[in-house]
Amino acid sequence: MDEQQKHDFAARLQRIQARQDDPGPQPEQPEMVQMGDQLPPLPPVNPPSGGGSGFGPIRIALIFCVILAMGSLGARYLADMAQDPATVADAPLTPAERPQPDIASEPQSALLAFDVDRSEPEQAGRRTISDRGYDHSSGSVATPDGALVQVADIATGFDLAGTNAAPAELVRFQPNETCTLRPPQAGEVLRNVRLSGANGETPVHAFSDEALAKAVLDHTQAALFKPKSYEVGTTAKGRLNRADVFVTDTSGPIYLVLQAMWGNTLWNVHRGPGVQIAHIAIIGNTSGIIAPEGVPFEALRITDFVTSFEFGANDTVRPCMIAPYRLPKPDWVASQKALKGNTLFENQMFSFNSGHRAFSAWYQETLGADPETGLTEAEGAAHALVGPVPSSLLGYRSLAGRTVHVVAADNLIIGDEVVADTHRAALLAAAGGDARAILPAARRVQP
């Protein structure tokens with residue numbers, strides 16, 4: 001079970017528990033307190049154990065060698081199964097739980113941008129309150145102060161229909177071998193973007209030969225041992241989701257830290273007039289970036305140092321604790337339910353508080369500042385703003401025709417069709433050139 005599956009599994013448990021334990025309207029809750037010291041950790045989420053026949057160690061080794069050999073010849077493969085994070089639509093809020101906007105303090109144009117459907121959907125997005133804060137659909141922007149902002153308020157030329165355009169080239173770069181980053185220099189201004197995951201889809205995929213081999217083995221086992229219920233089976237996951245970052249802060253040379261907890265992220269950085277970006281540091285899984293010309297960047301790969309994200313595991317203070325946990329906020333639905341005594345959410349908030357303390361200890365030692373410094377954060381977003389809404393619109397640039405630098409992986413692919421072709425080629429090679437060896441027998445359909 002990969003990290004996104006664990007994330008989705010935990011979210012499903014939350015929705016089930018919420019529907020069973022909905023306490024109805026409650027009085028207004030006080031601000032959330034750090035409750036981790038009094039609560040037991042939730043047991044790790046483990047994948048269900050499988051039964052049935054094995055495939056045989058010798059044959060598995062042979063297939064694995066075939067796939068690795070194909071990788072050296074340029075094998076490519078992936079199918080994206082990522083799902084949007086769970087939102088309150090799955091477990092409706094009671095009136096007392098629902099955050100109420102201060103209408104008097106919000107510009108009318110912003111309220112309309114958030115609350116009203118427009119005839120041109122590419123011009124507007126929505127944000128939804130979820131268990132862990134706001135989740136922004138494409139067009140809605142995560143902002144430092146939580147204001148309701150649309151891409152149309154920041155940039156011209158954004159078109160939702162063109163955001164899945166293909167880049168021209170993928171260039172590998174090596175992540176840092178140790179969990180260190182270049183520290184901010186005197187006069188540099190530290191700014192942070194932290195997402196649980198990015199929401200903008202791309203046609204860029206990255207995955208290892210090992211993941212490809214495992215997918216082929218799963219497919220083959222399904223064909224051989226479960227022919228009556230046979231389906232294609234497991235596929236390697238590695239799509240990069242896009243997050244546009246608009247930097248408008250002119251208070252000094254910006255040291256920009258881009259962080260995503262789950263999934264693979266492609267950061268598309270836009271620099272506003274008068275903005276200086278001194279350095280970009282990336283913390284994530286497989287990360288990609290389009291940086292402004294001349295801006296240096298580096299990356300840490302979470303999975304090189306932190307092996308799991310189960311609640312109650314890998315959330316303790318220790319060296320190289322680089323998992324960018326978000327600090328729970330009082331308006332999170334999960335925080336409110338935890339305060340009402342929901343054990344599932346109490347344990348989840350315990351783990352998030354513990355994880356954030358551990359991440360914060362590493363961050364402060366490495367960068368010399370609190371990780372909440374200059375923060376723009378969200379549960380999910382396709383766009384994030386670092387600085388104020390600009391007085392004049394920036395020019396939006398999609399991925400089309402551009403060069404993307406991606407943390408090194410065995411397989412870097414542009415295009416879902418190329419991914420499918422790679423999978424078919426890997427299966428054919430594993431079968432020794434005869435696809436009948438790994439396909440189920442044809443079944444006659446009675447008239």
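**View 1. Strand E10 between its two neighbours in the predicted model.** Strands E10 and E12 run parallel in this predicted model, and six bridges join them. Strand E10 covers residues 254-260, and seven of its seven residues are buried. Ile254, Leu256, Leu258 and Ala260 lie on one side of the strand. Tyr255, Val257 and Gln259 lie on the other. Both faces are covered.

**View 2. An open sheet of six strands.** The strand order is E6-E18-E13-E11-E9-E16, and the pairing is mixed. Strand E6 (169-173) and strand E16 (383-386) form the edges, each pairing on one side only. On average, neighbouring strands in this sheet are turned by 25° against each other, direction ignored. Inside the order, strand E11 (residues 264-271) pairs with E13 in the parallel sense. Four bridges make up that pairing.

**View 3. Thr265 in strand E11.** Thr265 is found in strand E11. Its bridge partner in E13 is Ser287. Is Thr265 buried or exposed? Its relative accessibility is 3%, so Thr265 counts as buried, the limit being under 20%. Leaving aside residues up to four places away in sequence, Thr265 touches Ala198, Leu240, Asn241, Ala243, Ala260, Thr286, Ser287 and Gly288.

**View 4. Asn285 in a loop between two strands.** Asn285 sits in the loop that connects strand E12 (277-284) and strand E13 (287-290). Asn285 is buried, with a relative accessible area of 9%. Which backbone oxygens does the side chain of Asn285 reach? One belongs to Gly263, at 3.1 Å. The other belongs to Met261, at 3.5 Å. Asn285 touches Met261, Trp262, Gly263 and Asn264, and also Arg301, Ile302 and Thr303, not counting residues up to four places away in sequence.

View 5. Helix H4 takes in residues 209-225, which is 17 residues. How far apart are its end C-alpha atoms? They are 24 Å apart. At 1.5 Å a residue the helix should span 24 Å, so the two values agree. The buried residues of H4 are Asp209, Leu212, Ala213, Ala215, Val216, Leu217, His219, Thr220, Ala222 and Ala223.

**View 6. A salt bridge between Glu372 and Arg194.** The structure holds twelve salt bridges. In one of them, the side chains of Glu372 and Arg194 meet at 2.9 Å, N to O. This pair links distant parts of the chain, 178 residues apart. Glu372 lies in the loop between helix H6 (343-367) and strand E15 (375-381). Arg194 lies in strand E7 (residues 189-198). Their surroundings can be read from accessibility. Glu372 counts as partly exposed, at 22% relative accessibility. Arg194 is buried, with a relative accessible area of 1%.

View 7. Side chains of opposite charge can pair when their charged atoms come close. Glu379 and Arg326 meet in a salt bridge, 3.0 Å from N to O. Glu379 is in strand E15. Arg326 is in the loop between strand E14 (297-301) and helix H5 (333-339). The two residues are 53 residues apart and link distant parts of the chain. Both are buried. Glu379 and Arg326 also belong to a network of salt bridges with Arg132, Lys329 and Glu377.

View 8. Arg424 forms a salt bridge with Asp421. The closest N and O atoms are 2.4 Å apart. Why are Arg424 and Asp421 separated by about one helical turn? Because they are three residues apart in helix H7 (residues 416-430). Asp421 counts as partly exposed, with a relative accessibility of 43%.

Notes. Residues are numbered from 1 along each chain as its sequence is written. This is a predicted model: local features need pLDDT of at least 70, side-chain atom pairs count only at pLDDT 80 or more; totals for chains, interfaces and linings use all residues. Side-chain values use heavy atoms; hydrogens and water are left out. Buried means under 20% relative accessible area, exposed over 50%, partly exposed in between (1.4 Å probe, protein chains only). A polar contact is a pair of N or O atoms within 3.5 Å; within protein, one must be able to donate a hydrogen and the other to accept it, and residues adjacent in sequence count only if both atoms are side-chain atoms. Contact means heavy atoms within 4.5 Å. Two strands pair if DSSP finds at least two bridges between them. Axes are lines fitted to C-alpha atoms, for helices over the stretch in contact, and angles run from 0 to 180 degrees between N-to-C directions. The expected span of a helix is 1.5 Å times one less than its number of residues. A salt bridge is a side-chain nitrogen of Lys or Arg within 4 Å of a carboxyl oxygen of Asp or Glu.
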